[in-house]
Amino acid sequence: MRRYPPIADHGIVGDLQTAALISAEGVVDWFCAPRFDSPSMFAALLDHDRGGHFAITVAGEPDEVTVRQLYLPDTGILVTRFLTLGGIAELVDFMPPQDPERASDRHRLIRVVRVVRGSVDFTLECRPRFDYGRAEHRATLEEGRVRFEAPAASAWLESIGPVPLACEEGDATAAFTLRHGELAAVVLTTGAAGSAAPEPMDEATARATFALTLDFWREWIGRCRYRGRWQQMVNRSAITLKLLTYAPTGAMVAAATAGLPEQVGGERNWDYRFTWIRDASLSVGALIELGYDDEANAFRRWVGERIRAGDAPPGEKLQIMYRVDGDPRLSEEELGHLEGYRGSFPVRVGNGAADQLQLDIYGEAVYALAQAEHLSGLAGHDGWMVMAGLLDWLCDHWDRPDEGIWETRGGRQDFTYSRVMCWTALHHGIRIATRFARPADLARWTAARDAILLQVMERGWSDERRAFVQHYRTDVLDASLLLMPKVGFVAAREPRWLSTLDAMDQELVTDSLVHRYDPAASPDGLRGSEGTFSLCSFLYVDALARAGRLDQARYAFDKMLTYANHVGLYAEEIGPTGEQLGNFPQAFTHLALIDAALALDAELDARGGPGGG
């Protein structure tokens with residue numbers, strides 16, 4: 001077991017309330033329960049010694065074991081294959097999906113081991129470390145099952161087949177051998193502190209649970225309408241988004257992890273297990289395009305509830321992010337007892353950026369609602385009055401400096417992207433009010449919308465750079481502006497936009513990979529550097545496609561696909577040597593991949609032929 005496997009050397013399994021990361025060695029090194037944003041039970045990714053892990057590995061020297069990992073096609077079921085001198089084994093990991101209407105403390109990770117050739121020796125180590133390794137626990141062996149009890153959580157480990165579990169100093173261990181055709185399984189069940197033990201699981205129940213999980217994923221992906229050129233990658237991205245969705249509320253977390261670095265050894269280590277309002281702007285449209293109206297509508301409702309809740313910071317209508325249940329409290333703390341991934345310190349949980357002012361979220365919220373206007377009666381009177389009140393408020397508050405989309409900690413500026421999204425909010429509000437004949441102060445909204453556009457064209461445009469710039473006091477470029485044609489602020493082939501795209505090509509793009517901006521030229525208040533943002537790289541493909549630069553767009557897209565990990569997943573960033581960096585897997589990147597594929601397919605189809613030529 002490596003101390004710190006590469007971030008990309010993982011797959012993810014989940015049950016629509018939480019998720020586990022499993023390394024290509026068969027080690028669960030990240031798992032939180034009962035929710036994505038709960039304290040961890042296994043967090044070896046953040047501290048190999050103190051974080052805790054759940055490993056099922058095979059005996060032998062590293063050079064004698066070859067490991068391969070894949071998903072069962074079109075599912076969230078992960079298979080890790082071990083190729084040894086003595087035989088070939090498979091480890092199948094899955095979590096049965098939960099009731100989508102009910103939040104639960106009970107979650108099950110099922111790990112099935114089978115040998116398909118020869119004979120293989122296995123070792124099991126289950127070493128939970130509750131509450132990010134801060135809470136003491138005790139382990140007891142009860143009727144062949146191991147019970148782990150901590151002050152705020154419980155867990156049980158049981159085996160099916162020849163896996164003789166033992167307790168050693170709070171941990172569970174086992175050593176066992178399987179031969180060709182033999183099968184065994186272990187089941188980890190979580191629960192609240194002091195809760196009753198789960199019903200024992202036998203082989204027949206385990207097989208039935210596997211079949212139900214398999215059917216769930218294949219039925220779900222079978223509803224996908226996408227039949228384009230990149231169906232396998234789009235399907236995998238859609239499944240990843242589903243795995244990152246908290247079913248009881250429909251909210252999607254930005255990533256499954258916290259604390260994974262944007263630069264190894266650096267301080268840019270954030271907690272992404274929360275739901276950002278801005279993610280809705282891409283997710284709703286992408287889900288609708290794929291045919292997932294129920295998921296899009298659930299997220300739309302969640303956004304609408306945040307607007308109605310009125311629990312934003314003083315003077316605001318929305319907070320930039322929330323917990324999956326809508327709780328706005330995300331106080332940030334540093335876990336000083338954890339060394340961080342390969343020494344990337346500090347490790348942070350919670351997110352202090354929740355208190356920032358980011359005006360773009362209002363545009364993204366309205367944009368999301370507008371994209372789903374055909375669902376569940378968006379034009380209903382109560383929902384409309386909430387949106388109208390938000391737009392009335394925005395007319396008075398759009399012209400303020402803010403921290404911007406990238407959550408910089410270097411002071412507020414007049415960010416161009418924030419103004420563009422305020423324009424987007426008013427533009428769509430006016431359109432919906434007109435289409436559905438709803439009461440609205442259209443004269444006021446129109447005046448504010450036009451004022452924003454004129455201001456951006458005057459102050460957000462640099463004659464010297466021949467490009468739109470990051471904010472009004474700089475000539476630095478910013479990849480967030482790649483969304484300008486998508487939201488309709490500029491035409492995709494307008495001269496000002498094409499020259500902006502050319503400038504980005506020269507300054508932000510390297511081998512299809514796109515930087516957010518140059519932090520050296522525009523200090524963001526943090527030390528160190530960062531990799532290219534995969535989100536921005538896919539936004540770049542989208543913008544190229546809309547601009548009619550199809551050969552360039554397709555080549556950039558195909559190259560981006562080579563940066564996916566072995567099972568088709570992306571972290572937040574790509575480092576200088578092609579390594580994945582940051583929290584993993586990142587929803588926004590997979591959303592942008594879907595959008596880029598849709599845009600590129602549409603433009604290639606318009607040009608004619610399977611390849612567009």
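Is D131 buried, exposed or partly exposed? In this predicted model, D131 is partly exposed, with a relative accessible area of 26%, a value that falls between the limits of 20% for buried and 50% for exposed.

View 1. D131 belongs to helix α1, which covers residues 130–133. The phi angle of D131 is near 55 degrees, a positive value in a residue that is not glycine. Most residues other than glycine have a negative phi.

**View 2. A437 in the loop between α8 and α9.** The loop that holds A437 runs between α8 (416–436) and α9 (442–459). A437 is not a glycine, yet its phi is positive, at about 55 degrees. With a relative accessibility of 64%, A437 counts as exposed, since the limit for that class is over 50%.

**View 3. The cis peptide bond from A33 to P34.** The bond that leads from A33 to P34 is cis, and its omega is near 10 degrees. P34 is placed in the loop between β3 (27–32) and β4 (40–42). As background to this view and to the next, most peptide bonds are trans.

**View 4. The cis peptide bond between F584 and P585.** F584 and P585 are joined by a cis peptide bond, for which omega is about -20 degrees. P585 sits in the loop between β28 and α13, the latter comprising residues 587–607.

**View 5. The open sheet formed by β26, β27 and β28.** This sheet has 3 strands in the order β26-β27-β28, and their pairing is antiparallel. The edges are taken by β26 (532–533) and β28 (580–581), each of which has a single partner strand, so one side of each is left without a neighbour in the sheet. Strand β27 (residues 573–574) is joined to β28 by 2 bridges, the two strands running antiparallel. Within this pairing, I574 stands opposite Q580 in β28.

**View 6. The whole chain, as a setting for the close-ups.** The secondary structure of the chain amounts to 13 helices and 28 strands. The radius of gyration is 25 Å, close to the 25 Å that the globule rule gives for 613 residues, so the chain is as compact as a globular protein of that length. Along the principal axes, the C-alpha atoms fill a box of roughly 75 × 50 × 45 Å, and 62% of the 613 residues count as buried. Among contacts between residues at least 6 apart in sequence, 68% join residues at least 24 apart. The side chains include 62 positive and 87 negative ones, and the centres of the two sets lie 3 Å apart.

How values were computed: Residues numbered from 1 in each chain as written. Predicted model: local features only at pLDDT ≥ 70, side-chain atom pairs only at ≥ 80, totals over all residues. Heavy atoms only, no water. Helix = DSSP H or I, 4+ residues; strand = E, 2+ residues; numbered from the N terminus. Rg over C-alpha atoms; globule rule 2.2 N^0.38 Å. Buried < 20%, exposed > 50% of the residue type's maximum accessible area, 1.4 Å probe, protein only. Contact = heavy atoms within 4.5 Å. Lys, Arg positive; Asp, Glu negative; His and termini not counted. Charge placed at Lys NZ, Arg CZ, Asp CG, Glu CD. Pairing = 2+ DSSP bridges.
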